[in-house]
Amino acid sequence: MAKGKTTTGSATKKASPQLDDVVRVDKSGRNVYYNDYLHQYYYVPESKMRQLAFFDRQRTIFAVSLAAIFGATTSLWIGIALFAGLYILTSGYFYLSFIPALKKAEEPKLSESEQVLECGRRQKRTSRRIGYAVVCFATAAILAYYGMNQTFSGLDFWSAVIFGVGCLVFGVYQLIIYFKRR
């Protein structure tokens, strides 16, 4: 079966390739989203799939991209503040408004072949944690190196320190989740 397609009884429905590891199509043809942090399944109408793709995958990239642009063109602390603000706003909207608007779904009863696919999906989500941790540690190292070479002072120095420590903490958190789920 081609990637991004899910069997639904006698028909085949195309699922979003970028959400392939968190969205499945149930036997009645509805999109079922699994939120890894809440450990809960939700039904997602087709009209909300684009929003789900943004919030589930692209909100971090969006926040980091804008923060990097503003941080490079103005000051580091402005970029860090912009990242934190954007990420908190998008996460807040996702978890406080978008997710509660979705109808909860029961954990699907899977056939043996579907259980193998689901095991692979969960392993992929868990393995992604290592990548997150590596990116966080690399970001903290780059900030430390950049801060020492640019001789940061004042607000730029403390912004770099706080963001670097935050990256280290988030990286360790990702590793804890990874080893807890293995």
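Guide: Let us begin with a term: helices and strands are DSSP runs, a helix having at least four residues and a strand at least two, and they are numbered from the N terminus. Please note also that this is a predicted model.

Visitor: What pattern does the chain follow, read along the sequence?

Guide: Along the sequence the order is β-β-β-β-β-α-α-β-α-α. The chain comes to 4 helices and 6 strands.

Visitor: How do strands of a sheet pair in general?

Guide: They pair through backbone hydrogen bonds, in either a parallel or an antiparallel manner. In this model, 4 strands make up an open sheet, ordered β3-β4-β5-β6, with antiparallel pairing. At its edges are β3 (23-25) and β6 (103-105), each of which pairs on one side only. From one strand to the next, the twist averages 40 degrees.

Visitor: How many bridges join β3 to β4?

Guide: There are 3 bridges between β3 and β4 (residues 31-35), and the two strands run antiparallel. As an example, arginine 24 has valine 32 in β4 as its bridge partner. Helix α2 (residues 76-101) packs on the sheet, where it touches β4, β5 (40-44) and β6. The direction of α2 makes about 145 degrees with that of β4.

Visitor: Which residues of α2 and α4 meet?

Guide: From α2 come Leu76, Trp77, Ile80 and Phe83; from α4 come Leu155, Asp156, Ser159, Ala160 and Phe163. By class, the residues of this contact are 7 nonpolar, 1 polar and 1 charged.

Visitor: Is glutamine 174 buried or exposed?

Guide: Glutamine 174, a residue of helix α4, has a relative accessible area of 0% and so is buried, the cut-off for buried being under 20%. Leaving aside residues up to four places away in sequence, glutamine 174 touches Tyr37, Arg129, Tyr132 and Ala133.

Visitor: What share of the chain counts as buried?

Guide: Of its 182 residues, 35% count as buried. As for contacts with a separation of 6 or more, 63% are between residues 24 or more positions apart.

Notes. Residues numbered from 1 in each chain as written. Predicted model: local features only at pLDDT ≥ 70, side-chain atom pairs only at ≥ 80, totals over all residues. Heavy atoms only, no water. Pairing = 2+ DSSP bridges. Axes fitted to C-alpha atoms, helices over the stretch in contact; angles between N-to-C directions. Contact = heavy atoms within 4.5 Å. Nonpolar A, V, L, I, M, F, W, Y, C, P; charged D, E, K, R; others polar. Buried < 20%, exposed > 50% of the residue type's maximum accessible area, 1.4 Å probe, protein only.
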